[in-house]
Amino acid sequence: MNQAWETRSAPVAALLLVVILSACGSGSETPAPLSCPDLVEWVGAGIAVTSVEDSPSTDNLPPHCKVAGTIDGSIQFELLLPAAEDWNERFVMGGGGGFVGSIQNSALAPSPGGNALERGFATVGTDTGHTGTGIDGSWALDNDEAEIDFAHRAVHRTTEVAKEIIEGYYARSIEYSYFIGCSRGGGQAMIEAQRYPVDYDGIVAMAPAFSWPRLATGFLQNEQRIYPDPEDLSEPVITAENRALLEREILSRCDASDGVEDGLLTDPRTCNFDPAELECSAEPTSSCLTTEQLEAVQMVYSGPVVEGRKVFAGFPFGGENDAGGWDAWITGGQDASVSGVPNLHWAFGTEIFKYLIFDDPEFDYSRYDFANWDEDIAAADQLLSATDTDLSGLRDAGGKLLFWHGWSDPALTALGMIDYYESVEADDPEVRDYSRLFLAPGVLHCAGGPGPDRVDFLSAISAWVEEDQAPDQLLAQKLDDEGRVTLSRPLCPYPQIAVYSGTGDTSEAASFSCQAPQ
């Protein structure tokens, strides 16, 4: 992989707007608000508007102007502009997931209080400069420019372009700008905070993929034990029976330790359980783990090790037997909720090493011995990862950064997020003045699982930015298929945890308070 990764220069000067004189005929050259069709004539350095559309209201979106285009010939974007009377003078960009490859905007996802467009935000998404599926990394083969766009440049350029079009369209300034994303989108949020700290006033980074080669190393080491034979991907070493056994044992020993027996671990790190206790002493049964199975399970929990060094966090207890948990991400098998690949760790791990580290489509995960690991990952790590713990640029600009992670996330370990946040705090003990971390018990990757996974992040970050109301807790809810709230909990700023008061309904947030851990 070519290491000459200097960001290609691109003019960021003001766009050449087609000036529309005011209707009064006074001769003033002050730009007036534009109509949606006017935007097809928008001209700017590196920008090509390919379509505009006046979109009527639908069941979940109000009337808006939809602007599609490309930036610098490769970065596709879609910008949604609410009607002038509905615009709240705010802008939010939504991140994408996986390798992206299509225009994605997580700010349009359902949310308590409505999605971004429903609330009056102008909002944009991008494909990050290439086309493909979310688990396909082949676009990066010998393509340094595409990798730069994916790593950081596409989001930053889309931000610049969206802001210029928004202010030209409304002939008003944006008061506040926000970014929100989960998974890869959470990593994009962290990249923005670290590389471009003045782009956004408030940033929400959810379950972020922020350390690409290291998390991929964990994926590979897991899969070398779960699918040791690359010619036989039919059944994983860790079976469905193993997953059920692990969940049963963990909950039986640790569920009630937080004062509430509800199938959720408030902090899995306090669970005193060793999977080695389940190793078979005689013939294998559904109530024990073979040596091979135990070694695979221990690798998932312990995290990747290279030449005796732990290089990234392992996974905490939780999610072993939840639909969309280990079955989809870590083990796979006949009951898994993915198709076409054994599991998503296998998919992302092999694609990252093939195309973002080695530029070698023939890379064989089962044979990689990590002997030259530090040298192998160095260039990709420098480009792709968002591990810089110096957030002084964001802090000094007055920005705010909210982190959130599901404790049972089987895709991106919450322990890695904690390690990062604690490293930031080691550099800046006042980090909670501008950045806070919230952990959600029983929640899988971005959503799902038995825990409360719905949070109004836009309200939380805007209150912090605009009203200086730092989030002392977040209300998290679980909804049933009919949209009814079945569970609510306060999420507390790390390291605080939600503690049951001893009275009241344990399914209601009012029965809990945020306290320092014992």
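Is Trp139 buried or exposed? Select Trp139 and look. With a relative accessibility of 11%, Trp139 counts as buried, because the cut-off for that label is under 20%. Keep in mind throughout that this model is predicted.

**Stop 1: the aromatic cluster**

Phe99 is buried, at a relative accessible area of 0%.

Now select Trp212. Its ring centre is 5.9 Å from that of Phe99, with the planes at 45 degrees, so the pair is tilted. Phe99 and Trp212 are both buried.

Phe99, Trp139, Phe150, Trp212, Trp329 and Phe348 make up one aromatic cluster. Across the whole structure, a search finds 30 aromatic pairs.

**Stop 2: charges over rings**

Keep Phe150 and show Arg184. Arg184 lies over the face of Phe150, 4.3 Å from the ring centre. Then go to Tyr200. Over its face lies Lys163, at 5.6 Å from the ring centre.

**Stop 3: the nonpolar cores**

Select Leu39, Leu79, Leu81, Ile166, Ile352 and Phe403. These residues have the most contacts inside the largest nonpolar core, which has 117 residues. Colour helix α1 (residues 144–170) next. It gives this core its largest share, 12 residues.

Zoom in on Leu81. What does Leu81 contact, leaving aside its neighbours within four places in sequence? The answer is Leu39, His64, Cys65, Val67, Ala122, Ile166, Tyr169 and Tyr170. Then move to the second core. This one is separate and has 25 residues, including Tyr178, Val455, Ile461 and Leu491.

**Stop 4: Lys66**

Find strand β2 (residues 64–71) and pick Lys66 within it. Lys66 counts as partly exposed, with 25% relative accessibility. Show its surroundings. Not counting residues up to four places away in sequence, Lys66 touches Cys36, Ser51, Val52, Glu53, Ser55, Glu78, Leu79 and Leu80. For a sense of scale, draw a distance to Asp327. The C-alpha atoms of Lys66 and Asp327 are separated by 38 Å, and the two residues are 261 places apart along the chain.

**Stop 5: helix α5**

Select residues 291–302, which form helix α5. Which residues of α5 are buried? They are Gln293, Leu294, Ala296, Val297, Met299, Val300 and Tyr301. An α-helix has 3.6 residues a turn, so residues three or four places apart point the same way. Show what lies over the buried residues of α5: the cover includes α3, α4 (240–254) and α6 (326–331). Just past the end of α5, click Gly303. Its phi is positive, about 95 degrees.

**Stop 6: salt bridges**

The count of salt bridges comes to 19. Start with Asp262 and Arg489. Their side chains meet in a salt bridge at 2.5 Å, N to O. Asp262 lies in the loop between α4 and α5 and Arg489 in strand β13 (residues 485–491), so the bridge ties together parts 227 residues apart in sequence. Asp262 is partly exposed at 27% relative accessibility, whereas Arg489 is buried at 7%.

Next, select Arg436 and Asp472. Their closest N and O atoms are 3.1 Å apart, in a salt bridge. Arg436 is in strand β11 (residues 435–440), and Asp472 is in the loop between α11 (457–467) and β12 (474–479). Arg436 counts as buried at 14% relative accessibility; Asp472 counts as exposed at 55%.

Then take Asp453 and Lys478. This salt bridge has its closest N and O atoms 3.4 Å apart. Asp453 comes from the loop between β11 and α11, Lys478 from strand β12, 25 residues apart. Asp453 is buried at 15% relative accessibility, and Lys478 is buried at 16%.

Finish with a network. Select Asp72, Asp149, Arg153, Arg157 and Glu160: salt bridges that share partners join them.

Terms used: Residues are numbered from 1 along each chain as its sequence is written. This is a predicted model: local features need pLDDT of at least 70, side-chain atom pairs count only at pLDDT 80 or more; totals for chains, interfaces and linings use all residues. Side-chain values use heavy atoms; hydrogens and water are left out. A nonpolar core is a set of buried Ala, Val, Leu, Ile, Met, Phe, Trp, Tyr and Cys residues joined through side-chain atoms within 4.5 Å. Buried means under 20% relative accessible area, exposed over 50%, partly exposed in between (1.4 Å probe, protein chains only). Helices (H or I, at least four residues) and strands (E, at least two) are DSSP runs, numbered from the N terminus. Contact means heavy atoms within 4.5 Å. Rings of Phe, Tyr and Trp (its six-membered ring) pair if their centres lie within 6.5 Å; planes under 30 degrees apart count as stacked, over 60 as edge-to-face and the rest as tilted. A charge sits over a ring if NZ of Lys or CZ of Arg is within 6 Å of the ring centre and within 35 degrees of the ring normal. The expected span of a helix is 1.5 Å times one less than its number of residues. A salt bridge is a side-chain nitrogen of Lys or Arg within 4 Å of a carboxyl oxygen of Asp or Glu.
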